[in-house]
Amino acid sequence: MDELIITAALNGAEVTRAQHPALPVTPEELAVAAQEAAQAGAAIVHVHARYADGTPTQDAAVYEEIILKIRERTDVIVQVSTGGAVTMTAQERGQVLALKPEMATLTTGSVNFGRDVFLNRPDDMERFAHMMQEGGVKPEIEVFDVGMIAGAMRLVKAGLLTLPLHFDFVMGVPGGIPGELAHLLHLVHSIPPGCTWTVAGIGRAQLPLATAGILLGGHVRVGLEDNLYYSKGRLASGNVQLVERVARLAAELGRPVATPAAARAMLGICARQ
Ligand code: KMH
Ligand code: ZN
């Protein structure tokens with residue numbers, strides 16, 4: 001099996017400081033969090049920009065500051081979000097792609113998201129995919145339900161995405177695919193040969209699905225965006241604790257953890273300055 005790529009989803013757009021006091025929000029906090037996550041074994045950090053008061057934003061200037069500050073500290077892969085927050089328009093969400101980041105998320109379908117709707121119209125997905133293709137940005141296909149794999153394949157057919165793709169199975173969002181092992185197996189068997197995948201279990205699904213991801217030859221995403229708890233009723237101390245647990249599990253299960261350089265090679269990413 002390939003080395004294990006751990007992604008740390010550091011903050012998300014919807015989680016608040018009130019829910020977790022260690023949530024990184026400012027560019028400086030995100031840079032420190034990225035460095036610590038990388039030291040704990042993360043090869044990728046998935047980041048959402050926020051204004052200083054915690055409000056989510058897709059403002060390219062804020063993302064640029066985050067990326068520059070992370071770059072001063074670590075060579076971890078910085079993956080920005082085109083998903084943004086459920087309250088944002090697609091126009092807002094796409095602003096970050098002007099930076100031509102080395103990696104960005106792309107959700108290939110719409111899904112209920114708790115009491116909200118995470119809307120991804122075909123025109124917007126096509127526009128994001130086109131911008132990523134033009135900018136040499138490696139997409140990570142966010143799959144919140146199984147039909148989104150077919151959504152990605154439509155973009156491949158349209159010439160807007162290129163195989164092999166890298167998928168992230170986000171499992172356990174209320175409204176999306178439940179975080180159960182049987183569903184993970186179905187997702188894994190539904191992607192084309194040669195593609196890579198990672199799994200992000202939401203809430204209590206995080207630990208069992210991370211373990212399954214390690215065993216099945218996939219990769220793993222953990223972090224405060226997806227899960228605030230270390231165990232039932234006990235908040236995680238922060239992103240590092242969640243990353244460290246995956247690195248420990250991987251060591252026990254015989255999967256070495258990938259460095260950022262190894263992850264870039266596996267995913268076909270060219271490092272940016
Ligand atoms: N905040 C969610 C609505 C992504 O980063 O691309 C979307 C999300 C996915 O977090
Ligand atoms: Zn996200």
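Predicted model: local features only at pLDDT ≥ 70, side-chain atom pairs only at ≥ 80, totals over all residues.
Colleague: OK, helices first. At what angle do H7 and H8 pack, and how far apart are their axes?
Modeller: H7 covers residues 206-216 and H8 covers residues 239-252. They pack at an angle of about 40°, and their axes are 10 Å apart.

Colleague: What does that make H7 relative to H8, roughly parallel or oblique?
Modeller: Oblique, because angles under 35 degrees are what count as roughly parallel, and the angle here is about 40°.

Colleague: And is the crossing left-handed or right-handed?
Modeller: H7 passes H8 in a right-handed crossing.

Colleague: Which residues make the contact?
Modeller: From H7, you have Gln206, Leu207, Ala210, Thr211 and Ile214. H8 puts in Leu242, Arg245, Val246, Leu249 and Ala250. By class, that contact has 7 nonpolar, 2 polar and 1 charged residues.

Colleague: Now the other neighbour I wanted to ask about. How do the axes of H6 and H7 cross?
Modeller: Helix H6 is residues 181-190, and its axis crosses that of H7 at roughly 40°. The two axes come within 11 Å. That makes H6 oblique to H7, and H6 passes H7 in a right-handed crossing.

Colleague: Switching to holes. How many cavities of 30 Å³ or more are there?
Modeller: The structure holds 1. The largest cavity has about 30 Å³ of space.

Colleague: What lines the largest cavity?
Modeller: Gln206, Leu207, Ala210, Val222, Leu242, Arg245 and Val246. H7 and H8 each supply at least two residues of that lining. Gln206 and Arg245 are also in the contact of H7 with H8.

Colleague: And how does the cavity lining split by class?
Modeller: It has 5 nonpolar, 1 polar and 1 charged residues.

Colleague: What about pockets, what volume has the largest one?
Modeller: About 580 Å³.

Colleague: Which residues are closest to its centre?
Modeller: Glu14, Val15, Phe113, Ile202 and Glu225, out of 29 residues that line the largest pocket.

Colleague: How does that lining divide?
Modeller: The lining of the largest pocket divides into 12 nonpolar, 12 polar and 5 charged residues.

Terms used
Residues numbered from 1 in each chain as written. Chains lettered and ligands numbered in written order. Heavy atoms only, no water. Axes fitted to C-alpha atoms, helices over the stretch in contact; angles between N-to-C directions. Helix = DSSP H or I, 4+ residues; strand = E, 2+ residues; numbered from the N terminus. Left-handed = near helix turned anticlockwise from the far one by under 90°. Contact = heavy atoms within 4.5 Å. Nonpolar A, V, L, I, M, F, W, Y, C, P; charged D, E, K, R; others polar. 1 Å grid on protein atoms, 1.4 Å probe; cavity = no way out; pocket = protein on both sides within 12 Å on 5 of 7 lines; lining within 4 Å. Points joined across faces, edges and corners; volume = space filled by probe spheres on them. Parallel < 35°, antiparallel > 145°, perpendicular 65-115°, else oblique.
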